[in-house]
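Please read it alongside the sequence and the coordinates shown here.

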Amino acid sequence: MEPPAPRRRVTIVDVARHAQVSTTAVSKVLRNAYGASPEMRAKVRRAIDELGYRPHAGARGLRGQTYTIGVMLPDIRNPFFPEILDGITDSLEDTEYQVFLGPGCNGEKAEARVTEAMIDRGMDGIILVAPVSSRARLEHVASAVPTVVVGRHGSSPVYDSVADDDIEGAALIVSHLAGLGHHRIAHIEHHETDPTRLAEMPNARRADGYRQAMRAHGLEEWIDVVSTSYTQEGGYKGAKELLALPRRPTAVFAGADIVAMGVLEAVTEAGLSVPGDVSVAGYDNTTFAAFGPISLTSVDQAGHEMGRNAVRLLLERIADRHRPSVQVTLSPTLVPRRTTARPPA
């Protein structure tokens with residue numbers, strides 16, 4: 001038995017014949033262009049649905065747009081990044097744009113492979129979430145395709161950016177813990193040595209904010225920063241190190257909720273309780289933080305709004321490649337929960 005012949009692709013000509021309009025009219029509707037009446041749009045849309053017409057991405061690319069947007073996520077296991085992605089996809093729901101994801105894997109080489117692949121495939125724009133690549137690399141990408149950088153500070157004339165005020169967010173945590181009576185407040189940061197990333201990455205800003213806030217509260221002598229990684233394993237290792245100190249901290253500020261997960265594991269393993277023996281606070285206000293049995297105190301940096309702002313800036317950049325770059329900084333809020341309380345007597 002011979003395999004069935006491949007189904008012929010429905011074309012714009014088929015849509016025009018089915019709707020009994022010209023191909024020019026169909027093209028106007030597809031491009032959302034001026035000159036198509038509401039009745040015309042309804043007829044064409046109905047024909048598209050009935051025939052199952054799909055625009056050919058390659059052909060659309062030759063005409064200048066593919067209606068695709070690439071989004072690079074550094075770590076798909078971090079529960080905060082889906083919040084940003086939800087904001088992106090929700091903002092594009094009523095548009096023709098489709099989102100394609102690529103893993104950056106927290107490395108410059110992996111980011112380069114992903115971004116080059118997105119550029120090669122003619123995507124109309126790229127959103128880079130917390131990229132670790134050099135400024136020169138980011139500007140190289142932005143010179144090839146409209147680009148928005150999310151979760152990284154600093155500015156550039158060629159790409160737009162959206163970030164949280166991480167110094168203020170860290171200050172909210174320290175003020176909360178100090179207000180409860182804690183002095184020995186430690187911080188677990190993501191290890192960083194690159195000078196540019198030390199100035200621009202959220203993890204470095206949060207560590208700076210922690211130090212500044214500790215000094216502001218007269219707690220400079222209790223500043224204690226452990227450098228590991230923004231992972232659950234990093235939080236576990238950092239907490240093990242802190243709990244082994246002769247005078248262990250009474251509170252730990254983990255630089256991200258996923259780090260706090262590891263801290264909670266290490267505290268429990270040590271036979272201690274949260275918050276009875278050690279208070280723990282995170283950052284990101286992920287779904288994990290809000291989960292009832294965990295109830296983690298955390299900083300909400302409005303990931304959904306980050307995604308929405310990124311889309312807004314990207315569509316504006318696609319429409320006008322030469323407009324001045326824009327930097328959006330969102331204000332964080334503290335969400336106190338059950339993992340923080342007064343220190344043990």
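## Basis and conventions

Axes are lines fitted to C-alpha atoms, for helices over the stretch in contact, and angles run from 0 to 180 degrees between N-to-C directions. Helices (H or I, at least four residues) and strands (E, at least two) are DSSP runs, numbered from the N terminus.

The model is a predicted one, in which local features need pLDDT of at least 70 and side-chain atom pairs count only at pLDDT 80 or more, while totals for chains, interfaces and linings use all residues. Residues are numbered from 1 along each chain as its sequence is written, and side-chain values use heavy atoms, with hydrogens and water left out.

## Helix packing

Two packed helices are described by the angle between their axes and the distance between the axes. Helix 1 (residues 12-19) packs with helix 3 (residues 38-51) at an angle of about 120 degrees, and their axes are 9 Å apart. Helix 1 and helix 3 are therefore oblique to each other; in this scheme, angles under 35 degrees count as roughly parallel, over 145 as roughly antiparallel, 65 to 115 as roughly perpendicular and the rest as oblique. Their crossing is right-handed, where a crossing is left-handed if the near helix is turned anticlockwise from the far one by less than a right angle, and right-handed if clockwise.

For helix 11 (residues 232-243) and helix 12 (residues 257-269), the packing angle is about 45 degrees and the axes are 6 Å apart. Helix 11 and helix 12 are therefore oblique to each other, and the crossing of helix 11 and helix 12 is right-handed.

## Two parallel sheets

Strands of a sheet pair through backbone hydrogen bonds, either parallel or antiparallel; the pairing criterion used here is that DSSP finds at least two bridges between two strands. Six strands make up an open sheet in the order 2-1-3-4-5-11, with parallel pairing. Strand 2 (98-103) and strand 11 (327-330) each have a single partner strand and stand at the edges, so one side of each is left without a neighbour in the sheet. On average, neighbouring strands of this sheet are turned by 15 degrees against each other, direction ignored. Within the sheet, strand 4 (residues 147-150) and strand 5 (residues 160-164) run parallel and are joined by three bridges, and Val149 has Ser161 of strand 5 as its bridge partner.

A further open sheet has four strands in the order 7-6-8-9, and its pairing is parallel. Strand 6 (residues 185-190) pairs with strand 8 (residues 251-254) in the parallel sense over four bridges, with Ala254 in strand 8 as the bridge partner of Ile188.

## Cavity and pocket

On a 1 Å grid over the protein atoms alone, a cavity is a set of points where a 1.4 Å probe fits but cannot get out, and a pocket is an open set with protein on both sides within 12 Å along at least five of seven lines; lining residues have an atom within 4 Å of a point. Grid points are joined across faces, edges and corners, and a volume is the space filled by probe spheres set on the points. A search of the whole structure finds one cavity of 30 Å³ or more, and the largest cavity holds about 40 Å³ of space. Its lining includes Met72, Glu111, Leu128 and Arg137, and the elements that give two or more residues to this lining are helix 6 (108-120) and helix 7 (135-144).

The largest pocket has a volume of about 480 Å³. Of the 28 residues that line the largest pocket, the closest to its centre are Phe81, Asn106, Ala130, Met201 and Tyr230. Helix 5 (81-91) and helix 10 (202-216) each supply at least two residues of this lining, and helix 10 gives the most, with three residues.

## Backbone exceptions

Most residues other than glycine have a negative phi, and most peptide bonds are trans. Ala130, in the loop between strand 3 (125-129) and helix 7, has a positive phi near 45 degrees. The peptide bond from Val274 to Pro275 is cis, with omega near 5 degrees, and Pro275 is placed in the loop between helix 12 and strand 9 (279-281).
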